[in-house]
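Please look over the sequence and the model shown here before reading on.

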Amino acid sequence: MQHEPLIRQAIELARQARAAGNHPFGALLAIDGTIVLTAQNTINTDRDPTAHAETNLVAAAIRRLSAEEIRRSVLYTSCEPCAMCAGKMYWAGIRSLVYGLPAVDLAAMARRDFVVPCADLFARAREPVAIIGPVLPDEARAVHVGFWTAQ
């Protein structure tokens, strides 16, 4: 399967989040290559520091999809998920992930110090999680240029 078109859509969602005054992150859920849900980061508009694109997406998925659909889904995200998002994804039953920008690259741009690659977290899980990434990291990085210097 070609992951680039879906990662590009996640990056576009990140652009939309930034334009709405939020942090530039986007995510979508696909089943058999078809997008079933999308989400953006809404931490500023919702005044909720946990409203990451992935947590928003997983919350919608557990309300709208069956457990079997969630298990078959692939989460595409503009940036490698943080520990919180990886945990929510895992507990919801999502076992496939494709990401754009690596977390260590984001940390270098955003000057963040709490970075745990999701592969390290998922390696400790009882059930395996398939991870593909980075995919189109330069395109995923572009949406962050200039954002973190203003924070």
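## Basis of the model

This is a predicted model, in which local features need pLDDT of at least 70 and side-chain atom pairs count only at pLDDT 80 or more, whereas totals for chains, interfaces and linings use all residues. Residues are numbered from 1 along each chain as its sequence is written, and side-chain values use heavy atoms, with hydrogens and water left out.

## The sheet

An open sheet of 5 strands has the order β2-β1-β3-β4-β5, and its pairing is mixed. Its edge strands are β2 (34-40) and β5 (130-132), each of which pairs on one side only. Averaged over the sheet, and with direction ignored, neighbouring strands are turned by 20° against each other. Helices (H or I, at least four residues) and strands (E, at least two) are DSSP runs, numbered from the N terminus, and two strands pair if DSSP finds at least two bridges between them.

Strand β1 is joined to β2 by 6 bridges, and the two run antiparallel; within this pairing, Ala30 has Ile35 of β2 as its bridge partner. Helix α2 (residues 53-64) packs on the sheet and touches β1, β2 and β3, its direction making about 130° with that of β2. Contact here means heavy atoms within 4.5 Å, while axes are lines fitted to C-alpha atoms, for helices over the stretch in contact, and angles run from 0 to 180 degrees between N-to-C directions.

Strand β3 (residues 74-79) is largely enclosed by the rest of the structure, because 6 of its 6 residues are buried. Buried means under 20% relative accessible area, exposed over 50%, and partly exposed in between (1.4 Å probe, protein chains only).

On one pairing, 4 bridges connect β3 with strand β1 (residues 26-31) in an antiparallel arrangement, and Ala30 stands opposite Val74 of β3. Another 4 bridges connect β3 with strand β4 (residues 96-101), and these two run parallel; here Leu75 has Leu97 in β4 as its bridge partner. Together with helix α4 (residues 83-92), β3 and β4 make a right-handed β-α-β unit, a crossover being right-handed if, with the strands pointing away from the viewer, the path from the first strand over the helix to the second runs clockwise.

## Salt bridges within helices

The structure holds 9 salt bridges, each defined as a side-chain nitrogen of Lys or Arg within 4 Å of a carboxyl oxygen of Asp or Glu. One of them joins Glu12 to Arg15, with the closest N and O atoms 3.5 Å apart. These residues are separated by about one helical turn, because they lie 3 residues apart in helix α1 (residues 4-19). Glu12 is partly exposed at 34% relative accessible area, and Arg15 is likewise partly exposed at 40%.

In helix α3 (residues 67-72), Glu68 and Arg72 are 4 residues apart and therefore separated by about one helical turn; their salt bridge has its closest N and O atoms 3.4 Å apart. Glu68 is partly exposed, with a relative accessible area of 45%, as is Arg72, with 37%.

## A link between distant parts of the chain

The side chains of Arg71 and Glu127 meet in a salt bridge with an N to O distance of 2.8 Å. This pair links distant parts of the chain, as Arg71 lies in helix α3 and Glu127 in the loop between α6 (118-122) and β5, 56 residues apart. Arg71 counts as partly exposed, at 40% relative accessibility, and a network of salt bridges links Arg71, Arg95, Arg126 and Glu127.
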